[in-house]
Amino acid sequence: MISYDPNNIFAKILRGDISCHKILETDYILAFHDVKPKAKIHALVIPKGAYISSYDFHGNASDQELKGYYQGLNAVLSQLGLCHMTNTKGGYRLISNAGINGGQEVPHFHTHILGGEKI
Ligand code: AMP
């Protein structure tokens with residue numbers, strides 16, 4: 001079992017050691033723009049707790065953390081104007097990479113939100 005690396009870049013962002021282009025912060029999540037956007041809108045949503053992957057988060061986070069995370073993610077979709085499926089700005093793709101075969105670069109659970117254009 002791999003343990004959480006407290007020096008990963010998202011942990012540093014959460015501690016305020018590294019800055020980010022913040023979208024939204026709540027008690028449970030931090031959302032910010034990806035530094036190398038792969039779409040017109042490319043946001044990342046991370047939980048404040050120390051979880052490595054979606055498997056770790058979904059298996060070990062408390063009900064409050066789980067609810068707080070997905071409420072936060074929804075608020076980000078709303079804030080970015082992606083939640084409306086009936087106009088050309090709306091719609092999005094969610095991605096969460098995990099581990100070596102999943103191509104995960106940063107070992108702190110996160111969801112990519114891609115949108116703002118047809119992907
Ligand atoms: P993943 O491959 O799923 O772990 O994705 C990690 C993402 O984090 C990549 O899309 C990177 O561009 C992004 N990233 C890495 N460092 C930063 C940073 N300091 N601020 C914002 N995004 C970052």
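Rings of Phe, Tyr and Trp (its six-membered ring) count as a pair if their centres lie within 6.5 Å; planes under 30 degrees apart are stacked, over 60 edge-to-face, and the rest tilted. By that rule, ring pairs tie Tyr51, Phe57, Tyr69, Tyr70 and Phe109 into a cluster. Keep in mind that this is a predicted model: local features need pLDDT of at least 70, side-chain atom pairs count only at pLDDT 80 or more, and totals for chains, interfaces and linings use all residues. Residues are numbered from 1 along each chain as its sequence is written, and side-chain values use heavy atoms, with hydrogens and water left out.

**Aromatic rings**
- Searching the whole structure turns up 6 aromatic pairs.
- Tyr69 and Tyr70 make an edge-to-face pair, because their ring centres are 4.9 Å apart and their planes sit at 80 degrees.
- Tyr69 is buried (under 20% relative accessible area; exposed is over 50%, partly exposed in between; 1.4 Å probe, protein chains only), with 0% relative accessibility.
- Tyr70, at 36%, counts as partly exposed.

**Nonpolar cores**
- A nonpolar core is a set of buried Ala, Val, Leu, Ile, Met, Phe, Trp, Tyr and Cys residues joined through side-chain atoms within 4.5 Å.
- The largest one here has 19 residues, and Val45, Val76 and Ile113 have the most contacts inside it.
- The largest share, 5 residues, comes from α3.
- A second, separate core of 7 residues includes Ile13, Leu30, Leu44 and Ile46.

Conventions:
Helix = DSSP H or I, 4+ residues; strand = E, 2+ residues; numbered from the N terminus.
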